[in-house]
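Trainee: Could we walk through this model together? I'd like to ask as we go.

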Amino acid sequence: MDVVPEWLDKAFLAKVLQGGEDKEPKVTVVSFSAKPAIAAGDNFSSYIFRVLVQYRVGSATEEESKSLIVKLPVKEGLIFEIAGQTQFYSKEDVYYEELLGKMIDKIKCKFTAKSYYSPIKGIIVLEDLKPDYFVADKIKQLDLTHSKLVYITLAKFHAAAVAIYHEEPKLIEAVGGECFYIEGGPLQKWIEYGCKALGEYLNEVEGCKEYADFFSQQSRQYMEASH
């Protein structure tokens, strides 16, 4: 999706930066530019835009700038059809709007991008972490130093979730639980048929007979293993 949605305008961005429609001080958006944040095909469940905003706060004459990531769910295609039968998007809203900020405040560790107020349900607005952070090359993978940092941060993340669970168990339960890999769920037949098709293809490839048998005969077990 390369076309910027009509609702992504100055009024929307002003409410985002204010933290709400009636919040003070008021924000005046002077100008903004928006473009896709990722290449087509890099993300399957959302459209993501990078938005650079020039704005003024209150009566100030000096302009400030901020780069935001605006994330909206896909509205067509296979992923939309599958996710639409689950609680995937509603759980995501609760996570970013309610849970994430509490987890960060609980252990004073900023382990992800800041989440901003969004005036439209289902639209997620996040702090843009570029250029300070970038996605590592998945072929080269991480070195030992960065791998350790990942596990340290994950440990803090889970510790924060446990702490919040003791205080607000219903909030954690609202975003917990499996969405996709459930018995009778929308992905079950897709996975089974996909494994079967792969098995049939491998059966025609020289030297791949044993792999073909594996996928053809045990496709059903993938759903069971995911539970």
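Trainee: Which element gives the most to the lining of the largest pocket?

Mentor: Some ground rules, as this is a predicted model: local features need pLDDT of at least 70, side-chain atom pairs count only at pLDDT 80 or more, and totals for chains, interfaces and linings use all residues. Residues are numbered from 1 along each chain as its sequence is written, and side-chain values use heavy atoms, with hydrogens and water left out. Strand 2 (46–57), strand 3 (64–73), helix 3, strand 5 (124–127) and helix 4 each give two or more residues to the lining of the largest pocket (helices, H or I with at least four residues, and strands, E with at least two, are DSSP runs numbered from the N terminus). The top contributor, with 6 residues, is helix 4.

Trainee: How many residues line the largest pocket, and which lie nearest its centre?

Mentor: On a 1 Å grid over the protein atoms alone, a pocket is an open set of points with protein on both sides within 12 Å along at least five of seven lines, and lining residues have an atom within 4 Å of a point. The lining comes to 34 residues, and nearest the centre are Phe111, Leu129, Tyr133, Phe134 and Val135.

Trainee: How much space lies in the largest pocket?

Mentor: Grid points are joined across faces, edges and corners, and the volume is the space filled by probe spheres set on the points. For the largest pocket that gives about 1500 Å³.

Trainee: Back to helix 4: how far apart are its end C-alpha atoms?

Mentor: The expected span is 1.5 Å times one less than the number of residues. Helix 4 (residues 144–167) has 24 residues, so it should span 34 Å, and this agrees with the distance between its end C-alpha atoms, 35 Å.

Trainee: Which residues of helix 4 are buried?

Mentor: Buried means under 20% relative accessible area, exposed over 50%, and partly exposed in between (1.4 Å probe, protein chains only). The cover over the buried residues of helix 4 includes helix 3 (88–107) and helix 5 (169–175). Those buried residues are Ala160, Ala161 and Ile164.

Trainee: How many disulfides does a search of the whole structure find?

Mentor: A disulfide needs a pair of cysteine sulfur atoms within 2.5 Å. Take cysteine 208, which is buried at 16% relative accessibility: the closest cysteine sulfur, in cysteine 195, is 15 Å from its own sulfur, so that is too far for a bond. Over the whole structure, the number of disulfides found is 0.

Trainee: Is lysine 108 buried or exposed?

Mentor: Lysine 108 sits in the loop between helix 3 and strand 4 (115–116). Its phi is positive, about 55°, although it is not a glycine. With a relative accessible area of 71%, lysine 108 is exposed.

Trainee: And what is the relative accessible area of glutamine 141?

Mentor: Glutamine 141 is in the loop between strand 5 and helix 4, and it has a positive phi of about 65° although it is not a glycine. Glutamine 141 counts as exposed, because its relative accessible area is 59%.

Trainee: Which residue does a cis peptide bond join to glutamate 24?

Mentor: Look in the loop between helix 1 (10–18) and strand 1 (27–36), where lysine 26 is found. Omega for the cis bond is about -5°, and the partner of glutamate 24 is proline 25.

Trainee: How far apart are the centres of domain 1 and domain 2?

Mentor: The bounds come from an automatic or database domain assignment, which divides the protein chain into domain 1 (10–175) and domain 2 (186–225). Taken over C-alpha atoms, the separation of their centres is 36 Å.

Conventions:
Contact = heavy atoms within 4.5 Å. 1 Å grid on protein atoms, 1.4 Å probe; cavity = no way out; pocket = protein on both sides within 12 Å on 5 of 7 lines; lining within 4 Å.
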